[in-house]
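The sequence and structure come before the details.

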Amino acid sequence: MEENTITREEIMQRSIEDFSEVQQNMLLAKEEHAPKTYASLKRKYISLKTLLQSLGVNMSVIDIIKE
């Protein structure tokens, strides 16, 4: 039986990609005056930011929203 283990680096890479996408969507939601969408995205933003910080990722480089 093969075990599918995700490495720390894979988690970081996927999370950084997701974080970038969420930030772009937050900017669009703000521009389109969609507060419910923005609030929903912000919850995911906070979760991903927390995960990335716990993994030691330098957020000052990738966090364009800074909330």
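## Salt bridges

Two salt bridges are counted, a salt bridge being a side-chain nitrogen of Lys or Arg within 4 Å of a carboxyl oxygen of Asp or Glu. The model is predicted: local features need pLDDT of at least 70, side-chain atom pairs count only at pLDDT 80 or more, and totals for chains, interfaces and linings use all residues. Residues are numbered from 1 along each chain as its sequence is written, and side-chain values use heavy atoms, without hydrogens and water.

Helices are DSSP runs (H or I, at least four residues), numbered from the N terminus. Glu 67 is partly exposed because its relative accessible area is 36%; for Lys 42, also partly exposed, the value is 29%. Buried means under 20% relative accessible area, exposed over 50%, and partly exposed in between (1.4 Å probe, protein chains only).

Lys 49 and Asp 63 also meet in a salt bridge, at 2.9 Å from N to O. Lys 49 in helix α2 and Asp 63 in the segment after α3 are 14 residues apart, and both are buried.

## Gln 23

Gln 23 lies in helix α1 (residues 8–31) and counts as buried because its relative accessibility is 2%. Leaving out residues up to four places away in sequence, Gln 23 touches Tyr 45, Ile 62, Asp 63, Ile 64 and Ile 65 (contact means heavy atoms within 4.5 Å). A polar atom of the Gln 23 side chain lies 2.9 Å from the backbone oxygen of Ile 62.

Definitions and conventions. Helices (H or I, at least four residues) and strands (E, at least two) are DSSP runs, numbered from the N terminus. A polar contact is a pair of N or O atoms within 3.5 Å; within protein, one must be able to donate a hydrogen and the other to accept it, and residues adjacent in sequence count only if both atoms are side-chain atoms.
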